Amino acid sequence: MNFDFGYMIDIFPRIIEYLPIVLYMGTLSFILAVIIGLIFAVIINFKVPVIYQILVVIISYFRGVPTLIQIFIFYFGMPQLFPSFNSLDAITAVIFALSVKNAAYLSEVFRSAFLAVDKGQFEACDAVNMTKWQGLRTVILPQVLRVAIPSSGNYYIMMIKETSLAFTIGVIDMLARAKLESAVTYKFLEAYLTVGLIYWAITVILSYLQSKLENYVERPYRKEATK
């Protein structure tokens, strides 16, 4: 068996030093995806005329096209339509592509969360003379986010892993570094396994933090249920 465990230990520091780039792309993409997804969900939930029909087509497109193609379109294709995009760097293109693509999925998560909120909550907001925006911001959205946290957390983990596609347009991340290392030594298994184990560790840590967040958010509701 030709497997060099010592080589894995040797290249580990050189690969994990690019972890901040991965977390930066994944986290910023997720934040933008949540914001855009919430906007999409509100438009869908209230069926805003014209915008709603257009949005349905946009969501269908981003849900139906592979992530890698969307990254290529943002990085290579958009400058053809908009010359100002020539200044778009690879990391920003990845963030845009991942955020919009996952916003299309998160919009469905948030839409389902909206449906989970009792309609009486909306009526109660009207009864105390709240505007739609006030009721949405102070009463409805907190409940929506509580319901959406489990699924949203899974999308965050998925987006962290999807950043590995960034190397295809020249971003030097963990996978790109592993590819460079293995190209010199031809120890592909060790290099890629090292990257895989790092992503696995990230997933385990984020899953643990997600469970803690879910328990924290649920605490007031558990106390209310026990009364």
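Entry 1. I listed what S182 touches, skipping its neighbours within four places in sequence: S182 is in contact with Y7, K187, F188, A191 and Y192. Contact here means heavy atoms within 4.5 Å. The model is predicted, so local features need pLDDT of at least 70 and side-chain atom pairs count only at pLDDT 80 or more, while totals for chains, interfaces and linings use all residues. Residues are numbered from 1 along each chain as its sequence is written, and side-chain values use heavy atoms, with hydrogens and water left out.

Entry 2. I looked up where S182 sits, and found it in helix α8, residues 174–185. Helices are DSSP runs of H or I with at least four residues, numbered from the N terminus. Is S182 buried or exposed? S182 is buried, because its relative accessible area is 0%. Buried means under 20% relative accessible area, exposed over 50%, and partly exposed in between, with a 1.4 Å probe and protein chains only. I also noted M174, L175, A176, A178 and E181 as buried residues of α8, along with S182.

Entry 3. I checked the length of α8. Its 12 residues at 1.5 Å a residue should span 16 Å, and the end C-alpha atoms are 17 Å apart, which agrees. The expected span is 1.5 Å times one less than the number of residues.

Entry 4. I turned to the ends of α8. D173 caps the N-terminal end, with a side-chain oxygen 3.4 Å from the backbone nitrogen of L175. Just after α8, Y186 has a positive phi of about 65°. Y186 is not a glycine, and it lies in the loop between α8 and α9 (188–226). I recorded Y186 as exposed, because its relative accessible area is 62%.

Entry 5. I looked for another positive phi. Most residues other than glycine have a negative phi. V50 is not a glycine, yet has a positive phi of about 70°. V50 is in the loop between α2 (19–46) and α3 (51–64), and at 56% relative accessibility it counts as exposed.

Entry 6. I looked up how α1 (residues 5–16) meets α8. Their axes come within 9 Å and cross at roughly 140°. Axes are lines fitted to C-alpha atoms over the stretch in contact, and angles run from 0 to 180 degrees between N-to-C directions. That angle makes α1 oblique to α8; under 35 degrees is roughly parallel, over 145 roughly antiparallel, 65 to 115 roughly perpendicular, and the rest oblique. Y7, I11, R14, I15 and I16 of α1 make the contact with M174, R177, A178, E181, S182 and T185 of α8.

Conventions. Helix = DSSP H or I, 4+ residues; strand = E, 2+ residues; numbered from the N terminus. Polar contact = N/O pair within 3.5 Å; in protein donor to acceptor, adjacent residues only side chain to side chain.
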